[in-house]
Structures are given as C-alpha cells and as structure tokens.
Amino acid sequence: MIKKGSYILGLTLLVLVVSSGFITVEPEKIEGFHIDDNEVMVYHVPNQFENEEVAIRVPLAGKTFYGFAQKMAYKESRGMLHLVNPYGYMGKYQFGKSALRTVGIYDFQEFLHNSNWQDKAFTALIARHKWILKKDIEKYSGRIINGVEITESGLLAAAHLGGAGSVKKYLRSNGRRGFRDGFGTSISSYIRKFSGYDISHIKADPEAKVNLE
C-alpha cells in the first residue's frame, strides 16, 4: 500500500475502472498536488497479463505535452515527488541515477524535493530519446505492431520505460523482442497507453541537459 497523491489545483480527473467487463466512468475533483495523510490506495502496475486493466486516474489535459507528462507521472509513481521504488528509481517520473547523471543532475536528495528539476529532467530525457529514435520514429510511425499503432509519443514513452535501445529492438523485430521492467510492465503497453500525444515542440537534442538555475 502507498499513500494517495493528488494533482494540480482545479483539474478534474476522469476515473476509469474496468472489472469483470463492467466499466464505470465518473469525474473526480482534486484539491492540490500533495499527499493526503488520511488516504491510502493500492499501487497498481501492469503485469504479464496484457489484457488485464487496472484503475487509472488521469488529469484531463488533452493530448498535449503537458497531458503526456502528467499521465507519465501518474503512471510511474501516482505523481509522488519523493517516491523511490524498490529498484532505486526516483521521483514522480521514476528516473535511475545513471539517467539523471546523463542530463546533468548529481544531487539526488535535492532532486527528490525539487519538482522543477524533475520536470526539466523529463523534458531533457525526451529530447535525448527523440534524437536516438529519430529515424525509427520516421520509419515506423503509423504502422501497426501487435495490434497497436506506432506513434512518436508512444515510442518515447516506451523509451522512458525500457531505454531507446529496447525500443529499437522491439520495432526491428516487429514486436517479437520485447522488454518488461521489474514490475512486468511491457514496452507494448506503453506504446499503447501513450499513443497520439503532440510532443512535436520538443526538439531532438543528443546533448540535452537540465538548467539547474
């Protein structure tokens, strides 16, 4: 069990619950980006059963980069700034230390308390992955692999999960060579869940770094 996190003031969440074929959708008002001490929830992560759905709450921010980042933060950590998982991945986007060093962050304690650094690190890593996967994005976008349409945002989300190299292997094997993290989450699930977001304004940059000022 972990504590329940909330999001940005005034946003409305769409709550989708799938259980035994029954779907309910209801709006939920949220109060702020914080953790309520008196609320708990079960932390769900996808497992090896790809057709098994879990409850998910996502801010209604549309198919923008902001919506992409918020959905990623919620999917990775339920938006918890200070979370460190059992594998050592940190923050609301769940970065490993090596990835943080790559984008210029070495003070990991400050990172866990600095929302601005975490957002900038996420953007910088997206820019780096976009550079690495530039040709693959151009070549595979619009194709269907394992029943899922390939999009730029889906591939970059998958790269955040398993690294750009794993995404290349997945694409070039036509989905036969996959990747799962320690919780059983697959590349194909991220390609599907994060499909179709407009992140075109993030420029591909092999040297993207975080400005810590």
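## A tour of the salt bridges

Start by selecting lysine 130 and glutamate 152: their side chains meet in a salt bridge, with 3.5 Å from N to O. Lysine 130 sits in helix H4 and glutamate 152 in helix H6 (residues 152-162), so this pair ties together parts that are 22 residues apart in sequence. Before you go on, keep in mind that you're looking at a predicted model.

Now colour the two partners by accessibility. Is lysine 130 buried or exposed? Lysine 130 counts as buried, at 7% relative accessibility. Glutamate 152, on the other hand, is partly exposed, with a relative accessible area of 22%.

While you're on helix H4, click on histidine 129, which has its place there too. With a relative accessible area of 10%, histidine 129 is buried. What does histidine 129 touch, once you leave out residues up to four places away in sequence? Show Leu156, Ala159, His160 and Ala164, and you have its contacts.

Next stop: aspartate 119 and lysine 92. These two form a salt bridge as well, and their closest N and O atoms are 2.9 Å apart. Aspartate 119 belongs to helix H4 (residues 115-132), while lysine 92 is in the loop between helix H1 (65-77) and helix H2 (97-102), so the pair links parts that lie 27 residues apart in sequence.

Then move along to arginine 172 and aspartate 136. Their side chains meet in a salt bridge, 3.1 Å from N to O. Which parts does this pair tie together? Arginine 172 is in helix H7 (residues 164-172) and aspartate 136 in helix H5 (residues 134-140), so the bridge joins parts that are 36 residues apart in sequence. Arginine 172 is exposed, with a relative accessible area of 55%, but aspartate 136 counts as buried at 2% relative accessibility.

To finish, zoom out and show every salt bridge at once. How many does the structure hold? There are four. And the idea behind such pairs is simple: side chains of opposite charge can pair when their charged atoms come close.

Technical notes:
Residues are numbered from 1 along each chain as its sequence is written. This is a predicted model: local features need pLDDT of at least 70, side-chain atom pairs count only at pLDDT 80 or more; totals for chains, interfaces and linings use all residues. Side-chain values use heavy atoms; hydrogens and water are left out. Helices (H or I, at least four residues) and strands (E, at least two) are DSSP runs, numbered from the N terminus. Buried means under 20% relative accessible area, exposed over 50%, partly exposed in between (1.4 Å probe, protein chains only). Contact means heavy atoms within 4.5 Å.
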